[in-house]
Amino acid sequence: MSFVILSPCIGEKAGECVDVCPVDCIEEGEDQFYINPDICIDCGACQGVCPVDAIVEEYEMAPEDQKYLKKAEEFFGIE
């Protein structure tokens with residue numbers, strides 16, 4: 001499991017999450033930041049600093065938010 005960045009990040013892109021990630025798994029995309037699920041160590045540091053509460057654990061996502069995990073996987077070329 002990993003953390004996933006959801007819709008509140010779109011257009012906001014505050015970036016605090018990038019600064020606290022110990023494994024550098026968060027990258028900036030065109031409209032939002034993405035967490036690489038293959039690198040994320042599930043530490044939760046990013047979730048605690050997100051000013052728009054856009055970061056959730058994968059297992060806590062609502063079904064309609066699954067598209068954000070898919071979007072991150074596509075961003076990082078994960079199939």
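In this predicted model, the sulfur of Cys21 has that of Cys25 as its closest cysteine sulfur, at a separation of 3.6 Å, which is too far for a bond. The cut-off for a disulfide is a pair of cysteine sulfur atoms within 2.5 Å, and a search of the whole structure accordingly returns 0 disulfides. Cys46 likewise takes part in no disulfide, the nearest cysteine sulfur being that of Cys40, 6.2 Å away. Cys21 counts as buried, with a relative accessibility of 12%, and Cys46 also counts as buried, at 7%.

Although Cys46 is in no disulfide, this residue belongs to the largest nonpolar core, a set of 14 residues in which Ile5, Ile26, Ile35, Cys46 and Ile55 have the most contacts. Strands β1 (residues 3-5) and β3 (residues 33-35) each supply at least two residues of this core. In soluble globular proteins, nonpolar side chains tend to be buried together.

The aromatic side chains were examined next. A search of the whole structure finds 2 aromatic pairs. In one of them, Tyr34 and Phe75 are stacked, with a centre-to-centre distance of 4.5 Å and an angle of 20 degrees between the planes. Because Tyr34 lies in strand β3 whereas Phe75 lies in helix α3 (residues 66-75), this pair ties together parts of the chain that are 41 residues apart in sequence. The two partners are described by separate accessibility classes: Tyr34 counts as buried, at 5% relative accessibility, while Phe75 is partly exposed, with a relative accessible area of 35%. Phe75 also pairs with Phe76, the ring centres lying 5.0 Å apart and the planes standing at 90 degrees, so that this pair is classed as edge-to-face. Phe76 counts as buried, at a relative accessibility of 18%, a value that falls under the 20% limit for that class. Tyr34, Phe75 and Phe76 together form one aromatic cluster, in which Phe75 takes part in both the stacked pair with Tyr34 and the edge-to-face pair with Phe76.

Technical notes
Residues are numbered from 1 along each chain as its sequence is written. This is a predicted model: local features need pLDDT of at least 70, side-chain atom pairs count only at pLDDT 80 or more; totals for chains, interfaces and linings use all residues. Side-chain values use heavy atoms; hydrogens and water are left out. A nonpolar core is a set of buried Ala, Val, Leu, Ile, Met, Phe, Trp, Tyr and Cys residues joined through side-chain atoms within 4.5 Å. Buried means under 20% relative accessible area, exposed over 50%, partly exposed in between (1.4 Å probe, protein chains only). Helices (H or I, at least four residues) and strands (E, at least two) are DSSP runs, numbered from the N terminus. Rings of Phe, Tyr and Trp (its six-membered ring) pair if their centres lie within 6.5 Å; planes under 30 degrees apart count as stacked, over 60 as edge-to-face and the rest as tilted.
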